[in-house]
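Here's a walk through the side-chain interactions in one model, from charges to rings. Have a look at the structure first, then read on.

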Amino acid sequence: MKNKAIKYGIIGSVLLGSLAFTAGDNYFELSKNIDVFSSLYKDVNTYYVDEVEPSKLMRNCIDGMLKELDPFTNYFSQSQVETARIQQGGKFGGIGIEIEIVNSYPVVTSVWEAQPADKAGVRTGDIIKTIDGNDTKGRSKEEIEKFLVGQPKSAISLQLERGTNTQPTQLSLNLSREEIQETSVPFYGMVTPEVGCIKLKIFNENAGADVKHAFDSLKTANPGMKGIILDLRDNPGGLLHEAVNIVNIFVEKNQLVVTTKGKVDEWNKAFSTLNEPSDTKMPVVVITNSSSASASEIVSGTFQDYDRGVIIGQKTYGKGLVQVTKPLSYNTVLKVTTAKYYIPSGRCIQALNYAEKNADGSVKRIPDSLKVAFKTKNGRPVWDGGGVDPDVTLAKPEYSKISETLFTKHFIFDFASQYYAAHPTIADPAKFKLTDADFENFLAFIKGKDYSYSTDTETKLDKLKEIATDEKYFDAMQAEYDLIKKKIAADKEKDLVKHKAEIISVLENEIVGRYYYAYGKVKKKYQNDPEVAKAIELINNPTEYNAILTAKK
C-alpha cells in the first residue's frame, strides 16, 4: 500500500527555489542548533562504542524531525526521488501492471490496456517468479516495483506461473519498457440514456485535458444528455493546477478557484480559471467519500461554493495543505508543506491541526465549536475545518462480512482467474451476468477452503466472556453463552446463500476486469452502485436538484 504521505500528497505545482532564513532570533536559534547537532553527530560517529552507519543515523534524525510536523512533509533520498516523481506526474518507464504480494510472491492484480504487458500476453492472476533472473519470493512490493520500473526502451524479462496450483503453466516473456502514464480517467460513459459519468482517479498532469475530452465527447455523442456525474471517490488528489483546469470545464473564465497562504510571501498565490468553459449550465453531481482528498476537495468544494453542482456521498478527507518540492544536495529532495489553501467562499477545509497535539502525541482534530460558517454564492452555509460536507449525505456502502472475507482471502480473485481461463469471451460489461450454475461452481471452488470470519456480535460476545470470567460470573451464564454461539454459527453457514446477490455482483466485477480492463470493471460496478443511482435520481429531478442549491438554513 502506498505511503499515506504520497497518497494524500502533492497538490501544488512544483515550485523550485530558495527560502531566506528569518532574521533575528530565529536565525540565531537555527545557527546555534545546527552547530550543536553537527558536533553531536560527529562525536557519536567517532566515539560511540559500537560501529554506527552514518547514513542510517542521519536518516533517522531527519525522519524524526519531520515527524514532528505533518505527514506530508517528507525527505526523499536519491533512490526515492524517482518514485516520488512518478507519484506526482504519473509518468514512468514500465510495462503497465499492478501487483500485490500473495503467499510470498508478486501476483498481477491489474493489466493496463495496450501497454507492454498486455501486448505480451501477461494476464491478471499471473504469478511473477523472476524478474531479469532475480527471484521474487519473499520480496516486498516496493522491491518488486523497483525491478519493474526502468528507462523507456530498456529490456525486461519475466518468468511467470499461470493456472492452478495442481496444473501450473510456466511462461517466459521478454518485454521492452515504455513510457507509461497512469490514466486519470479509467471510465467515462453513459450510465443512462440521458446521464453521463466520468470517473476521475488521480489529478496527474493530463487530468484536466482528460476530463474535458471525456465530457466533450459524451456531450457530442449524446445530444440528449441532461446531466453529468463526476466520481471523485478514493481520489487522493495530485496537481493543484489540474484541479483548476477541471473546475474551468464547468465554471466561467476568470473565476477564483483556490488561494494559497503561507508565512512566506512567495507561496501566497491565487489561482483562477483561465479558459472558456465547456458548459456552465448542465447539472453536475459530484460523488465524494472519506478518501477524496486534496485536489478532489478543491474541485468538490469549489463546485459547492459556486453552487455549480450538488455534492453527494460522505465527508471528504480534510486536507487543506499545499506542498512544494525543493531540491537538496546529492540529488535528494524535500517535499515541504508551505501553505494552506482556501476555496472561493474563503474556507480552509483542513481537518487536523498539526501545530497542536494531545498529551498522548496524537494530532488534534479541529473541534466543531471552532469551525466557522461561510456562505456559498447562493447564501447556503458551509463550514471550514473538516473537509467538504456533502449536500446529500449517504451512508458509506458496506459489504457483508462473508463478501469481505472471500475478497481479502483472494477467493474472488482466484475464481475470476479460473473463469477467465475457461471462457475466451464474455458479453459486454452491461450485459454480462453470472448464472446460478456459475454460483454453484463458485461454491464448489471454495469448498474445503478456510473462509471463516468473526462477526461483530462474536467479537463482543467474546469480550463479554472475558469480562464475565474475570468477575466470576461466566459459570452461571455459560449455557446461554454456548447456545448463542451455536445459533450464530448455524446462521453464518447460511451467509453464502443469504448474500448470494452481493457475492455474485463482486464476482462479476472481478471477472469483467479480466476482459475489459479498468473501464469494464467500473462500468459493471456502476450498475449496482447506490451512490450513482442517487446521482441519477437527482439529475432526473430538476426540482430537487435546484432546491438543494438554493436552500438556506
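## A pair in helix 17

Glu 537 and Lys 534 sit 3 residues apart in helix 17 (residues 530–539), so about one helical turn separates them. Helices here are DSSP runs of H or I with at least four residues, strands are runs of E with at least two, and both are numbered from the N terminus. This is a predicted model, where local features need pLDDT of at least 70 and side-chain atom pairs count only at pLDDT 80 or more, while totals for chains, interfaces and linings use all residues. Residues are numbered from 1 along each chain as its sequence is written, and side-chain values use heavy atoms, with hydrogens and water left out.

The two residues form a salt bridge, with the closest N and O atoms of Glu 537 and Lys 534 being 3.0 Å apart. The term means a side-chain nitrogen of Lys or Arg within 4 Å of a carboxyl oxygen of Asp or Glu. (Buried is under 20% relative accessible area, exposed is over 50%, and partly exposed is in between, using a 1.4 Å probe and protein chains only.) Asp 495 is another story: Glu 537 is 42 residues from Asp 495 in sequence and 31 Å away in space, C-alpha to C-alpha.

## Bridges across the chain

How many salt bridges are there by this rule? The count comes to 33. One of them joins Lys 226 to Glu 194, with the closest N and O atoms 3.2 Å apart. Lys 226 is in the loop between helix 7 (207–221) and strand 12 (227–231), and Glu 194 is in the loop between strand 10 (187–192) and strand 11 (195–199), so the pair ties together parts 32 residues apart in sequence. Lys 226 is partly exposed at 33%, and Glu 194 is partly exposed at 36%.

Lys 485 forms a salt bridge with Asp 462, the closest N and O atoms being 3.3 Å apart. Lys 485 belongs to helix 14 (residues 474–492) and Asp 462 to helix 13 (residues 456–470), so this pair ties together parts 23 residues apart in sequence. There is also a network of salt bridges linking Lys 199, Asp 231, Arg 233, Lys 525, Asp 529 and Glu 531.

## Buried helix positions

In helix 6 (residues 141–148), Lys 141, Ile 144 and Leu 148 are buried. They span an arc of only 65° around the axis, which puts them on the same side of helix 6; the arc is that of the directions from the helix axis to the C-beta atoms.

Thr 405 lies in helix 10 (residues 401–408) and is buried, at 8% relative accessible area. Leaving out residues up to four places away in sequence, Thr 405 touches Tyr 451, Ser 452 and Tyr 453, where contact means heavy atoms within 4.5 Å.

## Rings

The structure holds 13 aromatic pairs. (Rings of Phe, Tyr and Trp, the last by its six-membered ring, pair if their centres lie within 6.5 Å; planes under 30 degrees apart count as stacked, over 60 as edge-to-face and the rest as tilted.) Phe 72 and Tyr 354 have ring centres 6.2 Å apart and planes at 90°, so that pair is edge-to-face. Both Phe 72 and Tyr 354 are buried. Elsewhere, ring pairs link Phe 415, Tyr 419, Phe 432, Phe 439, Phe 442 and Phe 445 into a cluster.
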